[in-house]
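This report goes through a protein model one topic at a time. Please have the sequence and the 3D view open while reading.

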Amino acid sequence: MRDVLTALMAEYALLIDEDRLEEWVELFDEGCDYRVVTRENVEQGLPNVLIWCDNKNMLRDRVESYRNVNLYNLHYDRHVLGPLRILGHDGPLWRFDVSYSLFQTTLEGESRLFSVGRYSVEARIAGETAWLEKVTVIADTGLIPSLLATPI
Amino acid sequence: MRDVLTALMAEYALLIDEDRLEEWVELFDEGCDYRVVTRENVEQGLPNVLIWCDNKNMLRDRVESYRNVNLYNLHYDRHVLGPLRILGHDGPLWRFDVSYSLFQTTLEGESRLFSVGRYSVEARIAGETAWLEKVTVIADTGLIPSLLATPI
Amino acid sequence: MRDVLTALMAEYALLIDEDRLEEWVELFDEGCDYRVVTRENVEQGLPNVLIWCDNKNMLRDRVESYRNVNLYNLHYDRHVLGPLRILGHDGPLWRFDVSYSLFQTTLEGESRLFSVGRYSVEARIAGETAWLEKVTVIADTGLIPSLLATPI
């Protein structure tokens, strides 16, 4: 299972980094849930959510809005993910955590740390393929929510 | 073997990052050896060791001291580990290296690079489980030794 | 295949970080191609290449030049690589991508982010071993080409 899930997350990260967001959406199942929260809010039990799409159509809409607002790409993203902690499964539905570091580079070529945190993921495996059912991005770094932002 | 050892190191990193240090200690064997050194000292052949616990009880004591000193968590840790270089094994005892990057985030949500370096590890495998026998953290980054510090 | 290719890239990164560049060269095949380009140039369709060795002897020469110029190591490198995206294969020749973060540490122990980007790789697998046929480093970060530079 580790190989299939690792491949899924490698694809997740590289599709965002290559600005292929429409293909990134296709990694998700129709009834998916994608949200971005801060670790601070999670640990204080606060309900704040920075981004929340509770199905694939919302995710598609978000990417479309992003495309309409951003005629030009303003930076490059680069995700470097750690190894998966596989927590268990309920039939074909697997739960796991992955730590991430996310760097941004300006068009002038200057790179900086943008965000670190953890993905808490549920994915459904069928044979050699897997789909994302639920991705919760728990960012250690405080983030400014924005329509302009690429997904994490 | 790669999967079992990778799972062990994913757990190692995430337990520290979640401040579950008592569970982190349980990844080690009773006769374990945990130490933190700087790369500079290693390359110059100097014997300086910043932290050294040569059995599991010392590791337990260290975590307990840390708990007594730090009533409140002052930052969030985030480890992002690279892939394992597996060096070989002597029966069930496997040796491997892993590079790490370690970021810290203040409670205000500002993240920065804290340390980079390498784990040199010996782990004992039994079936699908593995225990840490020896972990040497070789930090590229110069570090200030402190009772207050979380493990790396 | 994932394990063999992951082991290859772990070795690639750690050999550079340990300044064992002569052994790093031995990961490549005789007819190999190693080049470093910037993402900006790739996306603009520009032909600029910062480093280009189109066979193993050129790679050997480059390392030798580096050794002659640098009597002392001026910094420590540390690569942290993400999981592989395996794209496919043509017989024993496999293509994959890997994101990297590269940190440098001065001899005084200060670490900083040096470069992020992606390796686009072709490797030939024979049994449990693999050789690098083509490595293109596509750096998000703008880089100053220099004879003094270690490989990425």
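## The rotation axis

In chain C, the residue that comes closest to the rotation axis is Gly82(C), with its C-alpha at 3.5 Å. The model is a predicted one. Chain C is superposed on chain B by a rotation of 120° with 0.0 Å of shift along the axis, and the RMSD is 0.0 Å.

In general, a rotation about an axis and a shift along it relate two copies of a chain. For chains B and A, a rotation of 120° with a shift of 0.0 Å along its axis places chain B on chain A, with an RMSD of 0.0 Å. These two copies are thus related as by a three-fold rotation axis. In chain B, the C-alpha nearest the axis belongs to Gly82(B), 3.5 Å from it.

Side chains of opposite charge can pair when their charged atoms come close. Over all chains, a search of the whole structure finds 51 salt bridges.

One of them joins Arg85(A) to Asp97(A), with 3.1 Å between the closest N and O atoms. Arg85(A) lies in strand β4 (residues 85–90) of chain A and Asp97(A) lies in strand β5 (residues 93–106) of chain A, so this pair ties together parts that are 12 residues apart in sequence. Arg85(A) and Asp97(A) are both buried.

Arg85(A) also forms a salt bridge with Glu11(B), and here the closest N and O atoms are 3.3 Å apart. This pair crosses between chains, running from strand β4 of chain A, where Arg85(A) lies, to helix α1 of chain B, where Glu11(B) lies. Are the two partners buried or partly exposed? Arg85(A) counts as buried because its relative accessibility is 4%, under the 20% cut-off. Glu11(B) is partly exposed, because its relative accessible area is 22%.

Arg60(B) and Glu30(B) meet through their side chains in a salt bridge, at 3.3 Å from N to O. The pair links distant parts of the chain, 30 residues apart: Arg60(B) is in helix α4 (residues 56–69) of chain B, and Glu30(B) is in strand β1 (residues 28–38) of chain B. Arg60(B) is partly exposed, with a relative accessible area of 29%. Glu30(B) is partly exposed as well, with a relative accessible area of 45%.

Salt bridges can also share partners, and in this way Glu11(A), Glu18(A), Arg20(A), Glu23(A), Arg85(C), Asp97(C) and Arg118(C) are joined into one network.

## A negative surface patch

Which residues form a negative surface patch? The patch is made by Asp3(A), Glu128(A), Asp3(B), Glu128(B), Asp3(C) and Glu128(C).

One member, Glu128(C), sits in the loop between β6 (111–126) and β7 (129–139) of chain C. Glu128(C) counts as exposed because its relative accessible area is 72%, and exposed means over 50%.

Most residues other than glycine have a negative phi. Asp19(A) has a positive phi, near 60°, and is a residue other than glycine. In chain A, Asp19(A) is placed in the loop between α1 (2–17) and α2 (21–25). At 23% relative accessibility, Asp19(A) counts as partly exposed.

Asp19(B) is not a glycine either, yet its phi is positive, at about 60°. The loop that holds Asp19(B) is the one between α1 (2–17) and α2 (21–25) of chain B. Asp19(B) counts as partly exposed, with a relative accessibility of 23%.

Thr105(C) belongs to strand β5 (residues 93–106) of chain C. Thr105(C) counts as buried because its relative accessibility is 1%. Along the chain, Thr105(C) and Arg78(C) are 27 residues apart, and their C-alpha atoms are separated by 8.1 Å.

Ala123(A) is part of strand β6 (residues 111–126) of chain A. With a relative accessible area of 0%, Ala123(A) is buried. Ala123(A) and Leu46(A) are 77 residues apart along the chain, with 26 Å between their C-alpha atoms.

Conventions
Residues are numbered from 1 along each chain as its sequence is written. Chains are lettered from A and ligands numbered from 1 in the order in which they are written. This is a predicted model: local features need pLDDT of at least 70, side-chain atom pairs count only at pLDDT 80 or more; totals for chains, interfaces and linings use all residues. Side-chain values use heavy atoms; hydrogens and water are left out. Patches are made of residues with over 30% relative accessible area and no salt bridge: like charges are joined within 9 Å, nonpolar side chains (Val, Leu, Ile, Met, Phe, Trp, Tyr) within 5 Å. Accessible areas come from the Shrake-Rupley method with a 1.4 Å probe; for residues, only the protein chains shown count as cover. A salt bridge is a side-chain nitrogen of Lys or Arg within 4 Å of a carboxyl oxygen of Asp or Glu. Lys and Arg count as positive and Asp and Glu as negative; His and the chain ends are not counted. The place of a charge is taken as NZ of Lys, CZ of Arg, CG of Asp or CD of Glu. Helices (H or I, at least four residues) and strands (E, at least two) are DSSP runs, numbered from the N terminus. Buried means under 20% relative accessible area, exposed over 50%, partly exposed in between (1.4 Å probe, protein chains only). Copies are superposed by least squares on the C-alpha atoms of residues with pLDDT of at least 70 in both.
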